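Hi,

Here is the structure I promised to pass on. My notes on its helices and nonpolar cores follow below.

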Amino acid sequence: DKAKVEATALDVPVRLVKLCHEQSTAVNNFLPKCNPNITSDAKVAIHLLAGSARAAYQTVMVNKPPEALNKELQALLKDMAAHEASILPQ
């Protein structure tokens, strides 16, 4: 069924963006309590999650999401960009 395939094609990358945001937020919140010897690993995780979310977002856009969903995902990407910016050396 074409409609089911199209729905799945949109649902999978949308879920991936949301999962990456959830995990990026968790790592970002953990970072202040993190063992100082592994902070670089946690920071790398934030960068990898943000990059994965951006890649998944590109797939979402190919599938022409509704405008409300697009805005929601853009907000999540913006939040992850803030996580990344906060951990970059000054």
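A nonpolar core here is a set of buried Ala, Val, Leu, Ile, Met, Phe, Trp, Tyr and Cys residues joined through side-chain atoms within 4.5 Å, where buried means under 20% relative accessible area with a 1.4 Å probe, protein chains only. This is a predicted model, in which local features need pLDDT of at least 70, side-chain atom pairs count only at pLDDT 80 or more, and totals for chains, interfaces and linings use all residues. Residues are numbered from 1 along each chain as its sequence is written, and side-chain values use heavy atoms, with hydrogens and water left out.

The largest core has 15 residues, and Val-14, Val-17, Ala-53, Leu-73 and Met-80 touch the most other members. Two or more residues come from each of α1, α2 (39–62) and α3 (helices are DSSP runs of H or I, at least four residues, numbered from the N terminus). The top contributor is α2, with 6 residues. A second, separate core of 6 residues includes Val-27, Leu-31, Cys-34 and Ile-87.

Now for the helix pair. The axes of α1 (residues 2–30) and α3 (residues 67–87) come within 10 Å and cross at roughly 30° (axes are lines fitted to C-alpha atoms over the stretch in contact, with angles from 0 to 180 degrees between N-to-C directions). That makes the two helices roughly parallel, a label for angles under 35 degrees.

Met-80 is worth a look on screen: beyond its neighbours within four places in sequence, its contacts (heavy atoms within 4.5 Å) include Val-17, His-21, Leu-49 and Ala-53.

Best wishes

Note on methods
Parallel < 35°, antiparallel > 145°, perpendicular 65-115°, else oblique. Buried < 20%, exposed > 50% of the residue type's maximum accessible area, 1.4 Å probe, protein only.
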